[in-house]
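This briefing goes through selected features of one protein model, grouped by topic. Please read it alongside the sequence and coordinates shown here.

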Amino acid sequence: PRPSSDLCKRGMIPSSAGVTSLMAVRVALLHCDQAQNYGCFISSMFRQFFKPGMEESRGGKARLEITDYDVMKMQYPPDWAQVDAVIITGSKASAYDQDEWILRLCTEIKTLRDHRKRMLGICFGHQIICHALGGKVEKSPKGLSFGLRSFIVGARAQQALPWTGTLMRLRASHYDVVTRMPPNSLNLGLSEECAVEGIMLDDHILTMQCHPEFDTEDGKESMRRLLTVFQPDLPNHAALAAEVEEEN
């Protein structure tokens with residue numbers, strides 16, 4: 001199943017059951033990368049990714065209302081009470097960096113958890129949520145992980161989320177990994193490259209190390225551009241370039 005529809009069914013994105021009029025699901029999309037390469041496609045990738053899941057899970061009775069915020073420029077919603085869910089995107093930055101915008105984001109993540117706000121973290125978003133809530137993030141000893149990756153979905157994760165099967169295949173692009181999960185969190189799975197492929201915490205926080213939003217048309221274009229950026233660290237560049245064009 002598409003992870004986007006799974007999030008809606010699980011309740012990580014608010015349900016519209018019983019609603020007869022069109023309901024707005026208010027999502028704050030927190031941009032964590034500059035407007036180049038990955039960054040310039042953030043809005044369109046996530047909109048493309050979530051559209052089929054919303055249509056499938058809501059029966060056309062809800063619209064996804066995404067508002068973009070550049071947290072690198074300290075842009076945030078004026079009132080979290082007016083937000084139903086939060087998505088924290090990928091970034092070339094590291095969660096353990098001491099930049100002012102990263103420290104502010106860690107503070108906001110703690111506030112969102114205290115208020116039981118639904119959060120989805122992708123790649124850097126996964127790492128900084130774990131870092132802010134008591135986990136640990138480090139450089140991977142294996143270096144850059146890029147391209148399609150298969151990982152084993154844990155038995156408890158299969159029970160907690162409506163995903164079928166024990167294997168998931170998604171696209172990855174990262175140097176850092178989570179080496180210690182936040183207390184009381186559930187590990188979604190593991191792979192040869194990464195021991196923590198995502199977490200679920202408190203039934204309202206979900207993170208993934210891989211990029212499900214890359215399984216979109218603009219996601220593919222972003223991967224093409226990232227291939228150019230990371231080419232010096234990719235000895236198998238030609239094979240990866242061909243892989244990007246595969247259907248996921």
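**Surface patch**

Ile152, Leu167 and Leu190 make up a nonpolar surface patch, and their accessible area together is about 300 Å². The model is predicted.

**Sheet**

- Seven strands form an open sheet in the order E2-E1-E3-E4-E12-E11-E9, and the pairing is mixed.
- Its edges are strand E2 (62–70) and strand E9 (186–187), each of which pairs on one side only.
- Strands of a sheet pair through backbone hydrogen bonds, in either a parallel or an antiparallel arrangement.
- Strand E11 (residues 199–201) and strand E12 (residues 205–208) run antiparallel and are joined by two bridges.
- Methionine 200 is positioned opposite leucine 206 of E12.

**Helix H4**

- Helix H4 spans residues 124–132, and eight of its nine residues are buried, so the helix is largely enclosed by the rest of the structure.
- The buried residues of H4 are Phe124, Gly125, His126, Gln127, Ile128, Ile129, Cys130 and Ala132.

**Loop at histidine 115**

- The loop between helix H3 (100–114) and strand E4 (118–122) contains histidine 115.
- With a relative accessible area of 59%, histidine 115 is exposed.
- Histidine 115 and tryptophan 80 are 35 residues apart along the chain, and their C-alpha atoms are separated by 9.0 Å.

**Cysteines**

- How many disulfides does the structure hold? The count is zero.
- A disulfide would require two cysteine sulfur atoms within 2.5 Å.
- For cysteine 123, the closest cysteine sulfur is that of cysteine 210, at 8.2 Å, which is too far for a bond.
- For cysteine 194, the closest cysteine sulfur is also in cysteine 210, at 7.5 Å, and this too is too far for a bond.
- Cysteine 123 is buried at 3% relative accessibility, and cysteine 194 is buried with a relative accessible area of 1%.
- Both values fall under the 20% cut-off for buried residues.

Note on methods:
Residues numbered from 1 in each chain as written. Predicted model: local features only at pLDDT ≥ 70, side-chain atom pairs only at ≥ 80, totals over all residues. Heavy atoms only, no water. Buried < 20%, exposed > 50% of the residue type's maximum accessible area, 1.4 Å probe, protein only. Patch = residues over 30% accessible without salt bridge, like charges linked within 9 Å, V, L, I, M, F, W, Y side chains within 5 Å. Areas by Shrake-Rupley, 256 points an atom, 1.4 Å probe, with all protein chains shown as cover. Salt bridge = Lys/Arg side-chain N within 4 Å of Asp/Glu carboxyl O. Pairing = 2+ DSSP bridges. Helix = DSSP H or I, 4+ residues; strand = E, 2+ residues; numbered from the N terminus.
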